[in-house]
Amino acid sequence: YKDTQKWDDAIAAYQVVKEKYPETPQATEADYWIAICTQQKGDNAAALPLLDAFVTANAKSPFAPLALYMKGNAQIALEKKAEGVATLTAVAETYPDSQPAPFTYFTRAQIAGSEGKADEVVALMKKFIEKYPTDNKVYFAYESVAQTALNAGKTDEALEAYREFLQNYPD
């Protein structure tokens, strides 16, 4: 965020692409990058409608899952947590095999935890484990289940989470 001029320069360059090549795949991709650059420079309020417009117009684009994910993050940054959680849920449900989908579980669990919703944290982490058993973050999901159980005074559930992890991932 320190050097917003670089982001502004990138946005200007993508605007040129849109002007020179309207109605082309390059113009569509430029729309995506303008939204991302706007968010990366720290202007979530301006990025949100750009991301929304991109996702609405380009749901089948290979950039759509990440644009939707970034939209959810922008909503959360703007203190629209319920909307952000709903958007991140949509990423996981609409684009379950996309690169950002696994991350949505952790963000949603973090928000649920901050709101004291321990059962929701556990449910999200268990769903993550079920959906992405080979993901390199699976240990952290088990750890989250165990820590949430410990914080709730449920030692047996915490131990069960660790046992299950060791049983399923012995190496």
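Is D171 buried or exposed? Select D171: with a relative accessible area of 94%, it is exposed (buried means under 20% relative accessible area, exposed over 50%, partly exposed in between, with a 1.4 Å probe and protein chains only). The model is a predicted one, in which local features need pLDDT of at least 70, side-chain atom pairs count only at pLDDT 80 or more, and totals for chains, interfaces and linings use all residues. Residues are numbered from 1 along each chain as its sequence is written, and side-chain values use heavy atoms, with hydrogens and water left out.

**From D171 to helix 9**

D171 lies in the segment after helix 9 (helices are DSSP runs of H or I with at least four residues, numbered from the N terminus).

Now select residues 155–168, which form helix 9. Its 14 residues reach 20 Å from first C-alpha to last, close to the 20 Å expected at 1.5 Å a residue (the expected span is 1.5 Å times one less than the number of residues). Colour A158, A161 and F165, which are buried. Seen down the axis of helix 9, the buried residues fall within an arc of 60 degrees, so they line one face of the helix (the arc is that of the directions from the helix axis to the C-beta atoms). An α-helix has 3.6 residues a turn, so residues three or four places apart point the same way. On the other side of helix 9, D156, L166 and Q167 are exposed. Show residues 138–151 next: this is helix 8, part of what covers the buried residues of helix 9.

**The lining of the largest pocket**

Helix 8 also supplies at least two residues of the lining of the largest pocket, as do helix 6 (101–114) and helix 7 (118–131). Helix 6 gives the largest share, four residues. Select the lining, which includes F106, K117, M125, F140 and T148. By class, it has six nonpolar, five polar and one charged residues.

**Two loops**

Go to E23, in the loop between helix 1 (4–20) and helix 2 (25–40). Its phi is near 60 degrees, a positive value in a residue other than glycine. Most residues other than glycine have a negative phi. E23 is exposed, at 80% relative accessibility.

Finish at E79, in the loop between helix 4 (64–77) and helix 5 (81–94). Phi of E79 is positive too, near 65 degrees, and E79 is exposed at 62% relative accessibility.

Definitions and conventions. Contact = heavy atoms within 4.5 Å. 1 Å grid on protein atoms, 1.4 Å probe; cavity = no way out; pocket = protein on both sides within 12 Å on 5 of 7 lines; lining within 4 Å. Nonpolar A, V, L, I, M, F, W, Y, C, P; charged D, E, K, R; others polar.
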